[in-house]
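This briefing is for a reader new to the structure. Please look over the chains below before reading the notes that follow.

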Amino acid sequence: MSKAKLVMVGNGMAGVRTLEELLKISPDHYDITVFGAEPHPNYNRILLSPVLAGEMTVQDIILNDHAWYADHGIRLHLGKTVTKIDRFRRRVIADDGTEEPYDRLLLATGSNPFMLPVPGNQLPGVIAYRDIKDTDEMIDAAKRYSHAVVIGGGLLGLEAANGLKQRGMDVTVVHVAGWLLERQLDETAGKMLQKSLEDRGLKFLLQKQTEMLIAGESGRVAAIRFKDGMQIPADLVVMAVGVRPNTALAESAGIYCNRGIVVNDTLQTYDPKVYAVGECVAHRGVAYGLVAPLFEQGKVAANHLANFGISRYTGSVTSTKLKVTGIDLFSAGDFTGNSDTEEIVLNDAAGGVYKKLVIRDNKLVGGVLYGDTADGPWYFQMLRDGQDIHEIRDHLLFGQSHVGDVGHQGHSKAAAMADSAEVCGCNGVSKGAIVKAIKEKGLFTLDDIKKHTKASSSCGSCAGLCEQILSATIGGAYTPAASNRKAVCGCTEHSHQEVRDTIRRQHLIRIADIMHFMEWKTPDGCEKCRPALNYYLISTWPKEAKDDPRSRLINERAHANIQKDGTYSVVPRMWGGLTTAAELRRIADVAEKYQVPTIKVTGGQRIDLLGIKKDDLISVWKDLDMPSGHAYGKSIRTVKTCVGMEHCRFGTQLAMSMGIKLEKMLFDMYAPHKVKLAVSGCPRNCAEAGIKDVGVIGVDSGYELYVGGNGGIKTEVAQFFVKVKSDEEVMEYSGAFLQLYREEGFYLERTCHYLERVGLDHARNKVVEDEENRKALYARLLDELKDAKDPWAERIAGVEKQEYETLSV
Amino acid sequence: MADWKMLCRIEDIPQLGSRVVKSADGDIAVFRTSSDDVFALRDKCPHKGGPLSQGLVHGTQVTCPLHGWKLHLDSGEVVAPDVGCSRRYPTKVDAGNVFLEI
C-alpha cells in the first residue's frame, strides 16, 4: 500500500518543526512534499538580526540543510510559490506549474510584512525586514549609502536599526507612538531604552506620521516627509510596522480566514484535510508572532497528523527579549496592569535598572525588566505556573536567590560573564561554547544544551545560568515549560505529578503497567524514568508494589557507592555518629585485610572505606559486622549530632541520644532524594542543623525543628517549622514531615526544592496544624519501616547473589 | 581463532540486567534485554572507562553508571550527539544456554 501524501506549503521554522515532530513520532506515515518560496532551506529567522549586525553569517543560521530533507525522503520544491489549492481534487499548484496531490495539506505560509500605504512605498530602496533577501539588501545598502530610516520602533525595527548602525549607517528610527516598544514596555522602560540607544548613536523621531517617500534623481528613494512637514534624507527605508498573517492562498481556496487562517485546538482548518501552523494562523482569535508558541502548535499538529489525536493547543503566554547586544530588556504577560492589580516597582534611573512586576490575587501576571533581566526566566516560569507568591513577596523583586550556588565563581548573571568564563564547573563548559552551540546547532531548550554541550547535565546548579544564556541568545523563542508540567523524561509527555496521581488513582503496582497505561514511548523507559517510577510505586503502595532492583541505579543495586575507577566505597552505619572501640578495631582489620587504599571521615560523621572491589563487598560487610550506612541511596543518610548535654557544659538537651533515636526510626527509609538530619544540643548549633533536611536544635524548653535546609549544590538555610517539648514530639513531627515529602515529592527533588514548589505553608498545614493528619502520616511511616531490614545482612545471606558474582569463560 | 564459549543459562542474567565475564581479553559485560536478547560489550565506556555492566539497561541500550553516556548494545556505538564505541562480542542463545564468541 502506498503511503499517504502530506504536502506542506511554506518552508519556515513553524512548518519544518511540525515535520520534525511528526517524523519523531511517526516516521513512515507520510510521503512528504514541501514548497518554499525562498531559495533557502529552513533557517533560523530569529537570528537574522545578528546576521545584519555582522555577528553571524547566513550559513550559521541554517537549521535544516538540504541533506536533512534528503535523509527523510522529503521532496523539496524551493523557489516555487504555491498559487492555487484545488480542494476538490486535493492538489496544489505552484507558479511554475508544478502540481502535487495531497491527502493532508499543511499550510505554514507565515506572515507578510505590512507596508505603509503612503506614496512612494514601491520605490527602490524601500524594503521590509523579513527574510534573507531583505537582510542582504540592507547589508548591500549599508556599503553604498549613508542615510537609513527605519519606520517602526518595535522589536524588529530596533534590531534592524541597531544592525544598520553597526554597519556604519546614520540611522533614524521613526515611531508613531510616544515611546519605543509600546507593546512590550511601559513608558519608563521605553524611555530608558531610548536613552541607551541614543548613547549608541541612533536617532529617534517619536509621534511622527509618515506622509510620503520621495524619490531622488536616480529614481531611488531619497527622503521621507512627515505629516507635520518635516523632511529628512533617506537612502534606505526599512518598514518594520508589523506583519499580517499570509492568508491569500487559503482565502483563494475558500478556507475560512479571519485575521489569520482560523484553526481549532488541533490546528485543523475548516477543511478537515487541511491543517495550518505558524504565523499564518488565528487560534482563538490570536495570531502569534514569536516562535515558542508556534513550536507548541507544531507539536500538536504533528500529533494529529500522525493520527494519535491526543493533544490540544490551548494558547500561549509569551515573553519578549530584545536581541540587541548589550541591551537587556525583558517583558512578559500583562505589564500595564489595571485597577485589579498591584505593582512592585524598582526604578534606578542613574544605574539603568528598572523592574516592574504586576500582581493579581497573589499571582504574578506580568512584568517588565530593564537593565537587569537575569531573573526574567524565573518570573516567566512563575507566571506560567500561576504560582502563589505571597510567601516570597517581600523579596520577589530582588530575584531568585542565587546565593549559595557554587561551581561558577559566584556568577548569577549570565549577561555579565565573559565568553571565556566557566558556566558549568562539573564539565568545564564556558559561556562562549554554549552560545556557539545554541547558534550553530539551532538549540531551543535546556535539554538541547545538556545534550550538545553537557553543561548543566551533571549537578544542574548552572541550569539557571544556561537558561539565561539561551534566553539572551534566542530571545522570545525560549519558553521554559511550566515546572509542574515538565515531562519526566523523553520517554513520556507526562509530568511527575501526573504519574504520581495516576499510580494512586489507577492503583498501578508494576512499572510495566504504568508504562502501558500512560503510553510510554519507549519499551522499558530509561535511566531517568525507571528509577522514578520504581520509587513512586514503592512509596505509594508499600505493601503491594515490589521493588525492582533493575530499575535502581548501580549504587542502590550494589548497596555501595561506585567510584571513578569502578571500585566501591563502603560506609558502615554509626548511629548518630557514635562508635565503639570494637567497631573501630574491626574497621581497621578490614582495611588491612582488603588493602583499602583510602580511609576517610565523612561530613556526616562516618568512616568511609574507599577502593573496595565489587567481588569483595560481601566479605567486607561480613567482616565489618555493622549495618549499612546507606551512604549511596536516595534514602536516609545520617543524623549528625553534637555531644549535647551528655558532655557539653552548654548543652540543654541530650543531642546524641535524640539523634540515635531519630536515626533508628528512619533506618532504611527511601525518599525522593537523600535525606540528612542533624541534632544540636543548644543554639550554638555545632551539628550544623541549619543546612539539613530536618534540623533539630535543643533549647532549654524543648526543641526547635527546622526543615528544607541544604548544604550541597545550593546552600539553603532551613526554615523554622515548629517548636516542640519532648523527644516523642520531635519524632512525630519530623517523621510526619518526612512522610509527607516521601508521598508528595518528585523523584530527585530534595526537601528544599519540594518546599519551594509546594510552599512551607502547605507542609505546616498538613503536619503542624492538622493533628489528625500528622498522626496518620507518622503512623504510615512507622508502619512502613517496622520491618526494615539491613540490606548488607540480607546480601550476606544470599539475596541478589548474581549481582556480586562474576562469570568466566 | 575465536570460537563459541558456553557462558551460563539465560536465567542467570536478570532481565534488563547484566553479568560480568572475566576473560583473558579483560572484563566483558553481558546484557539481557526485556525481550530476552543477549548482547556483549567490552566492559568499558569509551568516555572515561566506566564499567558498562553496572549501568541501567533499557530497550537495546545501556546507560553508563559514571556520567550517563548511552551505548547501543547491538553495535557498541555511543548514542549521538556523543561519539565513540566499545568493542562488541557476538552472542547467541541456544536452548536457554548463552554462548559468547571470543
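This is a predicted model: local features need pLDDT of at least 70, side-chain atom pairs count only at pLDDT 80 or more; totals for chains, interfaces and linings use all residues.

Which residue of β2(B) does A:Leu807 stand opposite? A:Leu807 stands opposite B:Val21.

**Contact between chain A and chain B**

- Chain A puts 20 residues into the contact, and chain B puts in 27 residues.
- On the side of chain B that touches chain A, the elements giving two or more residues are β1 (4–9), β2 (17–22) and β5 (56–58) of chain B.
- The most comes from β2(B), which gives five residues to that side.
- Sorted by class, the side of chain B that touches chain A holds 13 nonpolar residues, ten polar residues and four charged residues.
- Strand β39 of chain A, residues 807–808, pairs with β2(B) in the parallel sense, and the pairing has two bridges.
- Strands of a sheet pair through backbone hydrogen bonds, and the sense may be parallel or antiparallel.

**A sheet in chain A**

- Three strands of chain A form an open sheet in the order β13-β14-β15, and their pairing is antiparallel.
- β13 (210–215) and β15 (231–233) of chain A are at the edges with a single partner strand each, so each has one side without a neighbour in the sheet.
- From one strand to the next, the twist averages 20 degrees.
- β13(A) and strand β14 of chain A, residues 221–226, run antiparallel and are joined by five bridges.
- In this part of the chain, A:Ile214 stands opposite A:Ala223, a residue of β14(A).

**Two helices in chain A**

- Two packed helices are described by the distance between their axes and the angle between those axes.
- Helix α22 (residues 727–744) and helix α24 (residues 760–769), both of chain A, have axes that come within 10 Å and cross at roughly 130 degrees.
- α22(A) is therefore oblique to α24(A).
- The crossing in which α22(A) passes α24(A) is right-handed.
- From α22(A), the residues making the contact are A:Tyr733, A:Ala736, A:Phe737 and A:Leu740.
- From α24(A), the contact is made by A:Ala763, A:Lys766 and A:Val767.

Conventions. Residues are numbered from 1 along each chain as its sequence is written. Chains are lettered from A and ligands numbered from 1 in the order in which they are written. Two residues are in contact if their C-beta atoms, placed from the backbone, lie within 7 Å. Helices (H or I, at least four residues) and strands (E, at least two) are DSSP runs, numbered from the N terminus. Ala, Val, Leu, Ile, Met, Phe, Trp, Tyr, Cys and Pro count as nonpolar, Asp, Glu, Lys and Arg as charged, and the others, Gly among them, as polar. Two strands pair if DSSP finds at least two bridges between them. Axes are lines fitted to C-alpha atoms, for helices over the stretch in contact, and angles run from 0 to 180 degrees between N-to-C directions. Angles under 35 degrees count as roughly parallel, over 145 as roughly antiparallel, 65 to 115 as roughly perpendicular and the rest as oblique. A crossing is left-handed if the near helix is turned anticlockwise from the far one by less than a right angle, and right-handed if clockwise.
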